[in-house]
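Please look over the chain shown here.

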Amino acid sequence: MSDVLNFRPVTRPSIDKLLARGAKAFTAARAAGHLPVDHTGATFTRLFFAGADLSRLGLVGSEWEDCHLGAVDFTGADLSNAYVHGGRFERCVFRGALLAGATFEDVDLVDCDFTGAQGLDTLEHHAARLHDVKGLSGGTTSPAPGGEAEAHFTPGFVATHAELEAALDESPDDEGRWQVYGDWLQTQGDLRGELVVRHGKPGFEDFVQSHLEDVFGDCADEVRGGGQMPELCVEWRHGFVHTATLRADNPERPVDLGALTRRVLALPCCRFLTGLRFGVKHGAVTSGGAENEYSAVIAALGAHPRTRALTHLAFGLQRVWRDDYETSPLHRWGDLSALWPLVPGLKSLFLKGSGGVLGELVLPELQRFTLEADYLGDEAGAVLDALRAARWPKLRHFEMTDVGGELDVAALLSALEPLPLVHFGLEEGGALSAVLSALLDSKLLPRLEVLDLRECVLDGRGLELLEARLAAFRHLRELDLSGAMSEQTADRLASLGAFLRLDHPLEREVEEDEDGEPHPDDSGEYEMWADDAGADEEDAVKEEPLLPVDAELDIPDEHGDE
């Protein structure tokens, strides 16, 4: 009896709820047999979807109110007496579908195929708008609105669809929903619809350049850089700005990074912005002794709700001039302590500079941290204290440049031990023997996949220690000991195993440049990017250059100078 009383029937989400979850969830549910065949009387209201397989389903008497569908397969489906009112069906297939008594009213049918559909003699569709439709006559026939050949938009008009935008925020990689969103924006006369439809196709760059004021508004001049050095560079994804880089490198053109940040965040094309990168402020560029800080930028970020959606941040991007004997010093990054509460979803953080205040690093979603520090001096202890006290439970990639070996490596490793770290980098971290000794005493080493010790001093004791304890490092996918070394030392290391990487830094830059990884500029410097969409991916991915060429870069990796 108790079993009967405690019995709870299994309930499954309705088809409209499954479709609202996105293509991946719907396809998985149908493949697993969790989707019934009969959905008589189902109601779909303001559904935005693409790429669904609804073939051979029973949708008798179903209602479709203001739905926007793209590339949906209705082959063999029973849509008898269905009522479709408003919205847009694009690239949908109705081959062999049953449409007896169905009504299509005040709806755009674009590039749809009704070949072989049954019951067309009783289908009411005179109030529908047909655009390049096959197998169906009647209605109002005309070429499809929008499209790539000719732009159709109202300058300055911005359409808003809270439901669809929220769905894209939740599932930013759902290609189908982006297609539907782009189509909807086009029908509303919003320029961004043109960007979505054209993105990733030949001519996108030219379209953006020819409509720069329409796309970037009062930031267009910064994109041009006054015809000199651009102060705003962007990377695109799905026709929207995904990452923006703000710089003040031209001493002849003062740039207020705080004011520019406010204007960038307000741009309609930045509605789905997730990454921001900042160079040093104009005062630091024009006078090397000027203190660099980002208080104006942080204030601008704190004033805009979009900031909470940021997942990638970089501070301190600066041109570093090198010659045969010395490197120009880095600028400070200032006090960043007020920033962290503003970005609870931050996944990647890149800092470059000669010191500053980190504050309380509470970053619950952070997976990747890179700090390129240059002679921290008296601040080394404070920086180490901040790193040891940091709360970033999901951190998988930690990388730091420790010029001069100023940090207590053992203390740092001890703080990192509880984390799910798979990549540890300590470049220019002093004597190799000291770093290896600390690692061998750490519980972190057995869990690592990549150990990056580039430019550490290859002292004799360090080489002997590596040879004697080689078994402790053989599990690594890569141990990077690149740096200046004699041919004899290189041969000695190469004999230890293929997992060792021993490139000389200059040789690596040439090699990677040929492969298209870093992007050199006129100053002869390099910048590396990687995609951390999957936390398990540690290798850099190839991306396209910055604007004006179309690109879809993701996050900064090892190098912040350009």
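The notes below follow the sheet strand by strand and then turn to the cysteines.

## The sheet

The model is predicted.

Strand E9 includes Arg-237. Is this residue buried or exposed? Its relative accessibility is 19%, and the cut-off for buried is under 20%, so Arg-237 counts as buried. Its side chain also makes a polar contact: the partner is the side chain of His-242, at 3.4 Å.

## Strand E11 and its partners

E11 spans residues 275–279. What does it pair with? Strand E10 (residues 240–246) runs parallel to E11, and 4 bridges join the two. Within this pairing, Thr-245 has Arg-277 of E11 as its bridge partner. Strand E12 (residues 312–317) also pairs with E11 in the parallel sense, here over 5 bridges. In that pairing, Gly-279 stands opposite Leu-317 of E12.

How covered is E11? The strand is mostly covered, with 5 of its 5 residues buried. In a regular strand, side chains alternate between the two faces of the sheet. Gly-275, Arg-277 and Gly-279 point one way from E11. Leu-276 and Phe-278 point the other way. Residues on both sides are buried. The chain reaches E11 from E10 by way of helix H10 (residues 257–266). This β-α-β crossover is right-handed.

How many disulfides does the structure hold? The count is 0. For Cys-112, the closest cysteine sulfur is in Cys-92. The two sulfurs are 4.8 Å apart, whereas a disulfide needs them within 2.5 Å, so the distance is too far for a bond.

Cys-112 is buried as well, because its relative accessibility is 1%, against a cut-off of under 20%. Cys-67 has a relative accessible area of 0%, so Cys-67 is buried too.

Key
Residues are numbered from 1 along each chain as its sequence is written. This is a predicted model: local features need pLDDT of at least 70, side-chain atom pairs count only at pLDDT 80 or more; totals for chains, interfaces and linings use all residues. Side-chain values use heavy atoms; hydrogens and water are left out. Two strands pair if DSSP finds at least two bridges between them. Buried means under 20% relative accessible area, exposed over 50%, partly exposed in between (1.4 Å probe, protein chains only). A polar contact is a pair of N or O atoms within 3.5 Å; within protein, one must be able to donate a hydrogen and the other to accept it, and residues adjacent in sequence count only if both atoms are side-chain atoms. A crossover is right-handed if, with the strands pointing away from the viewer, the path from the first strand over the helix to the second runs clockwise.
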